[in-house]
Amino acid sequence: MTNAHHAIKVAVRRTGLTAHVIRIWEKRHGAVAPQRTSTNRRLYSEVQIERLGLLREATQAGHSIGQVAKLPTEKLRKLAAEAAGSNRPAASARYQSAVTLSFLNESVAAVKALDAPRLEASLKRAETALGGQGLLQRVVGPLAQTIGELWRDGSITAAHEHFASAVIRIFLGNAAKSFANGDAAPVIVIATPAGQIHELGALLVGAAAANLGWHVTYLGASLPAAEIAGAARQNRARVVALSLVYPEDDPRLAAELAKLQELLPGEVPLLAGGRAMPAYRDALEKIGALPMKDLAHLSSTLDGLRKPNKNKNEISLPS
Ligand code: B12
């Protein structure tokens with residue numbers, strides 16, 4: 001199909017590029033020329049979305065966008081096939097993880113040097129190369145994990161950990177802001193429940209949801225059930241997401257979750273993820289909350305929940 005009828009959010013979802021990168025590639029490099037609606041919104045054809053995906057692969061393979069932006073699509077297909085090692089998907093996977101690892105190493109080095117501009121620059125480069133979801137799933141999440149491990153084994157101090165958390169917090173806050181979606185977008189309320197003070201997982205969820213076109217109401221860490229439910233009602237949330245990280249054995253959490261479910265409008269699904277989530281699986285199951293395996297699972301779930309009135313039971317559970 002050649003008709004241009006896909007909004008930019010569809011191009012974002014299908015290519016893994018951010019809307020910001022797509023616009024820059026268009027404006028500065030003339031990579032594609034989307035049609036416009038009467039209200040000046042961009043509309044992309046299937047071919048243009050394919051082109052953007054191919055350009056992403058070419059830039060990941062080391063070509064600068066300036067070199068490849070105007071190449072014919074057929075030529076881009078050839079380049080992408082070469083980059084992926086033609087019929088050798090394993091080579092492409094190795095290549096992908098090498099790219100991810102280099103961003104991760106650079107970010108860890110910046111944390112060790114307590115160098116905020118270097119850490120921000122590294123995260124920005126990763127965002128351009130991997131797209132918004134790639135940055136969150138493949139760099140920021142693993143970075144938080146690596147920092148936790150280095151901190152535990154004494155390779156870095158609490159100051160490094162606090163420094164990294166502060167820079168990541170601001171970076172994710174800005175990332176979510178730059179994707180601020182209008183009033184028509186479905187609302188997601190994000191928080192950690194009372195007693196859960198680790199905040200980065202919730203911030204990651206906020207940035208991921210904003211990148212997927214959701215209007216994010218971010219409430220921060222350690223919030224009582226009544227406050228979360230109140231915010232969800234006030235902003236007519238389509239969905240509420242909780243991050244559970246530490247501790248894994250809080251005896252008060254089951255009651256908090258039960259209260260939240262009682263106070264939330266019946267049609268609003270509750271999603272929960274984070275490293276401590278499996279420890280509360282029974283309590284979550286009891287209230288009908290949906291356990292989220294990871295950010296990729298969240299993305300597919302949120303896609304399904306975009307349409308109003310989707311039956312809660314139709315939402316996919318992790319395999
Ligand atoms: C930053 C940090 C802190 C900061 C928190 C600052 C803040 N405002 O958030 C401070 C310094 C305060 C802190 C304190 C402590 N911390 Co701490 N901390 C961390 C660190 C480095 C990141 C924490 C974080 O937010 N992680 C959340 C995300 C990034 O990680 P995740 O849970 O694996 O989530 C992934 C997915 O599950 C998903 N996700 C997360 N939430 C959700 C939600 C949904 C809906 C979905 C779809 C997905 C999703 O996204 C992530 C990426 O894939 C971790 C290391 C780590 N590996 O997480 C340690 C860590 C969590 N902390 C730990 C500990 C032990 C503590 C302390 C007890 C230390 C101490 N002795 O004082 C205290 C506890 C304080 C308390 N009362 O709870 C341990 C927990 C060990 C355990 N048994 O689980 C960890 C794992 C470090 C370690 N390796 O030992 N910490």
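Reader: In the protein chain, where is confidence lowest, and where is it highest?

Author: Start with the kind of model. This one is predicted, so each residue carries a confidence score, pLDDT, from 0 to 100. Confidence is lowest in helix α6, residues 89–112, with a mean of 72. Confidence is highest in strand β5, residues 239–243, at 98. Across the protein chain the average pLDDT is 85. At least 70 is scored by 88% of the residues.

Reader: Over which residues does pLDDT stay under 50?

Author: Look at residues 315–319. For that stretch the model has 13 contacts beyond four places in sequence.

Reader: How do I read a helix pair? At what angle do α10 and α11 pack?

Author: Take the angle and the spacing together. Helix α10 (residues 225–234) and helix α11 (residues 253–263) pack at about 25 degrees. Their axes are 8 Å apart. Angles under 35 degrees count as roughly parallel, so α10 is roughly parallel to α11. The crossing of α10 past α11 is right-handed.

Reader: Which residues make the contact?

Author: From α10 come Ala225, Ala226, Ile228, Ala229 and Arg233. From α11 come Glu256, Lys259, Leu260 and Leu263.

How values were computed
Residues numbered from 1 in each chain as written. Predicted model: local features only at pLDDT ≥ 70, side-chain atom pairs only at ≥ 80, totals over all residues. Heavy atoms only, no water. pLDDT = per-residue confidence, 0-100. Helix = DSSP H or I, 4+ residues; strand = E, 2+ residues; numbered from the N terminus. Contact = heavy atoms within 4.5 Å. Axes fitted to C-alpha atoms, helices over the stretch in contact; angles between N-to-C directions. Parallel < 35°, antiparallel > 145°, perpendicular 65-115°, else oblique. Left-handed = near helix turned anticlockwise from the far one by under 90°.
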